[in-house]
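Me: Please take a close look at the ligand site in this model. Which residues and elements surround the ligand?

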Amino acid sequence: MENTTAEKRKVVFSGIQPSGNITLGNYMGALRNFTSFENADCLYCMADLHTLTVRQNPADLRKRTASLAAIYIACGLDPDENIIYCQSHVPAHAELAWVLNCYTYMGELSRMTQFKDKSQKHADNINAGLFTYPVLMASDILLYQTNIVPVGVDQKQHVEICRDIAQRFNGIYGDVFQIPEPYIPKATAKIMSLTEPTKKMSKSDPEDTFIAVLDKPEDIRRKLKRAVTDSDGEIRFDPENKPGVSNLLTILSVLKKETMEETVASLQGLGYGALKEAVTEAVIGELAPIQARYNEIIADKDGLNAILKRNAEKAQYLAQKTLRKVYKKVGLYQG
Ligand code: TRP
């Protein structure tokens with residue numbers, strides 16, 4: 001990632017919180033697209049510090065963090081080509097977050113949709129970390145001079161505040177940070193809940209609302225059988241009036257790499273049973289090889305730990321360069 005050649009390689013950064021079962025929504029909206037950045041330096045972190053904003057069971061959090069690392073790799077991200085690491089293994093994230101907290105306004109943080117949603121959901125624990133969550137996320141991104149941030153549409157506002165903070169900082173101290181762009185793949189940006197298809201599929205919702213990447217075939221079958229549709233019986237893509245059916249069609253067309261028209265045409269004259277069956281087959285077919293690789297990776301804990309250690313060192317090296325520059329610019333004594 002040295003800036004020595006005229007054609008600088010792009011830096012791609014994204015993160016996922018190890019806060020629940022990784023869902024088909026995470027896979028289709030994020031993970032699956034992470035493998036498509038060639039000729040870029042890509043970093044993908046397990047955002048474990050972010051998960052502390054909501055109370056976690058410590059043993060579960062540890063387990064889910066290792067599991068997420070194995071899922072990243074099982075989904076096709078080569079850990080020698082991509083920096084896959086644990087956010088808390090690189091202290092520079094928390095260090096930059098402190099500095100950037102001092103360049104972020106209470107007003108802009110209080111306007112964040114996710115903060116408002118989560119404060120409602122966890123009314124008994126509206127902690128300061130929940131409030132400054134976007135600042136830690138901005139630090140994640142800015143530490144690596146990131147150009148592109150692939151995220152789901154729900155995270156767009158966080159990338160925007162990151163840009164605002166970076167521009168503000170650069171405005172005072174000169175070009176310290178690269179200004180990142182969000183990258184939101186259109187068709188796959190939002191997979192909806194199976195039981196409430198007007199809401200995003202979320203790993204923090206009840207089990208039957210989502211398909212997990214590691215779900216067994218029989219669970220996938222059962223959950224899709226129970227997925228909410230509607231009563232008009234017609235297979236048609238119309239997210240506004242037919243959110244359930246449209247969500248199933250989206251999953252199917254994306255996984256089969258077809259256009260929506262092709263997918264709808266392939267189901268002409270058939271009923272919702274056939275649609276669900278087609279989705280079930282497509283999902284099981286997509287996830288089976290990932291699960292097989294996952295099982296191999298997670299069985300070799302020492303191997304996985306070695307990968308994470310190596311990659312955290314690479315990330316820390318890169319992050320330190322930006323952090324040192326920031327410390328110097330703001331006037332922290334460097335000796
Ligand atoms: N906040 C993101 C989410 O919940 C996860 C995340 C943390 C992230 N740090 C990031 C995403 C940096 C992109 C870039 O989905």
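Reply:
**The ligand site**

A polar side-chain atom of Y133 sits 2.7 Å from a nitrogen atom of the ligand. That is a polar contact, meaning a pair of N or O atoms within 3.5 Å; within protein, one must be able to donate a hydrogen and the other to accept it, and residues adjacent in sequence count only if both atoms are side-chain atoms. The model is predicted: local features need pLDDT of at least 70, side-chain atom pairs count only at pLDDT 80 or more, and totals for chains, interfaces and linings use all residues. Numbering runs from 1 along each chain as its sequence is written, and side-chain values use heavy atoms, with hydrogens and water left out.

For Q17, a side-chain N or O atom lies 3.3 Å from an oxygen atom of the ligand. The protein covers 91% of the 370 Å² of accessible area that the ligand has on its own (Shrake-Rupley method, 1.4 Å probe).

In total, 13 residues surround the ligand, each with a heavy atom within 4 Å of it. The closest are Q17, Y133, M137, D140 and Q155. By type, the shell has seven nonpolar, five polar and one charged residue. Here Ala, Val, Leu, Ile, Met, Phe, Trp, Tyr, Cys and Pro count as nonpolar, Asp, Glu, Lys and Arg as charged, and the others, Gly among them, as polar.

α7 gives the largest share of the shell, four residues. β1 (10-16) and α7 are the elements that give two or more. Helices (H or I, at least four residues) and strands (E, at least two) are DSSP runs, numbered from the N terminus.
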